[in-house]
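Please look at the sequence and the structure that follow, and keep both at hand while you read.

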Amino acid sequence: MREDGVIIADTNDGRIETATAWCCHCGTHFTEVRGSGRIRGFCMKCMAKTCGAPGCDACYPIEKRLDDYERGKLGVLQ
Amino acid sequence: MARCFAADFIRTVNAGDFTGYTLVSAATVRPEIYYIQIGSSAAPVNTAHLWVARRFTAAGAGTAFTALDLSGDALATLATNFHTHTVEPTYTAGSHLLVIPANQQGTYQWYAVREGRGLRCPATAANGIGIEANVQGFTPTIPAAGYEGTVHYSE
C-alpha cells in the first residue's frame, strides 16, 4: 500500500527517509517497523490502517470524531 | 479548494517553555498540517530528544505571528500561529499525532503524501496542535539550543 506520509532526516550520517502510515480513526501518523512487535490494525469499514491503540479498535473515523467533538458530543479528542 | 499557509517559527531556549509552535484553530475552520520542517542554526550540540505534535484544548500564551499565504489569493488565515510560549498549552493526554526522534545537529522534515491525511485540528476555538520537545517517556524538555522550523497547513 502507498505511504501516507514521509519523514526525512538529514544528519551527519546522511539522509534517511521513512514512510509513515495514517490511522483512519485518530489521525496519528506512525512508522511501521517490521519485527518491532507493535501491533497495528486495519479497519474493514474504513478500509484503512489503524495505529493499534485500544481506542482505535472500534470503527470511529477521524471525521466523525471531529464532528462529534465540535458539537460537544465527544469530551476528549485523541 | 483549500488555502495553504506557511508558518515560520523560532524557538529560543526559554526556561519552562517546551513548546516550539502552536496552530490554534477557530470555530470557522478545520486546519490541517501537511508539512513540518525543524532544524537548528545554533552551534552544533550532540543532544537528542523527541519532537512531538500533540493536540491541545487550551492555547496557553505565546508570541503571535502571521502565517504567509501560499495560495496567492491574499486572504488572511482564520487560524492563528504562536511561538515562544510563556504559558504552555493544555495538551490532551495520549494525543501524540506525530513523533520524530531528533538530534540537534540534524534537520527533519515530515509531510503528508495525500490530502486529507495530515494532522487535523477541530473547528473549535482555542483548540489545535502544538509541536513540543520531549525526551524518552514523552516527558517535556527544554532543548539545549534554539530551533527554527516551518509548518505548512491548509484550511
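**A walk through the model**

Of the 33 residues that line the largest pocket, those nearest its centre are A:Thr28, A:His29, A:Phe30, B:His96 and B:Val99. The model is a predicted one, in which local features need pLDDT of at least 70, side-chain atom pairs count only at pLDDT 80 or more, and totals for chains, interfaces and linings use all residues. Residues are numbered from 1 along each chain as its sequence is written, chains are lettered from A and ligands numbered from 1 in the order in which they are written, and side-chain values use heavy atoms, with hydrogens and water left out.

A pocket here is an open set of points on a 1 Å grid over the protein atoms alone, where a 1.4 Å probe fits and protein lies on both sides within 12 Å along at least five of seven lines; a lining residue has an atom within 4 Å of a point. The largest pocket holds about 850 Å³ of space, the volume being that filled by probe spheres set on points that are joined across faces, edges and corners. Its lining draws at least two residues from each of β1 (5-11), β2 (14-22) and β3 (29-30) of chain A and from β8 (90-103) of chain B, where strands are DSSP runs (E, at least two residues) numbered from the N terminus. With seven residues, β8(B) gives the most to this lining. Sorted by class, the lining has 20 nonpolar, ten polar and three charged residues; Ala, Val, Leu, Ile, Met, Phe, Trp, Tyr, Cys and Pro count as nonpolar, Asp, Glu, Lys and Arg as charged, and the others, Gly among them, as polar.

In chain B, strand β7 (residues 80-87) pairs in the antiparallel sense with strand β2 (residues 19-24) over four bridges, pairing being counted if DSSP finds at least two bridges between two strands. Within this pairing, B:Tyr21 has B:His83 as its bridge partner. Strand β5 (residues 61-65) of chain B also pairs with β7(B) in the antiparallel sense, again over four bridges, and there B:Ala61 stands opposite B:Val87.

Strand β7 of chain B also contains B:Thr84, which has a positive phi of about 50° although it is not a glycine. Most residues other than glycine have a negative phi. B:Thr84 is buried, with a relative accessible area of 18%, where buried means under 20%, exposed over 50%, and partly exposed in between (1.4 Å probe, protein chains only).

B:Trp51 is buried at 3% relative accessible area, and B:Tyr147 is buried at 0%.

Finally, the structure holds zero disulfides over all chains, a disulfide being a pair of cysteine sulfur atoms within 2.5 Å. The sulfur of A:Cys26 is too far for a bond, because the closest cysteine sulfur, in A:Cys23, is 3.6 Å away.
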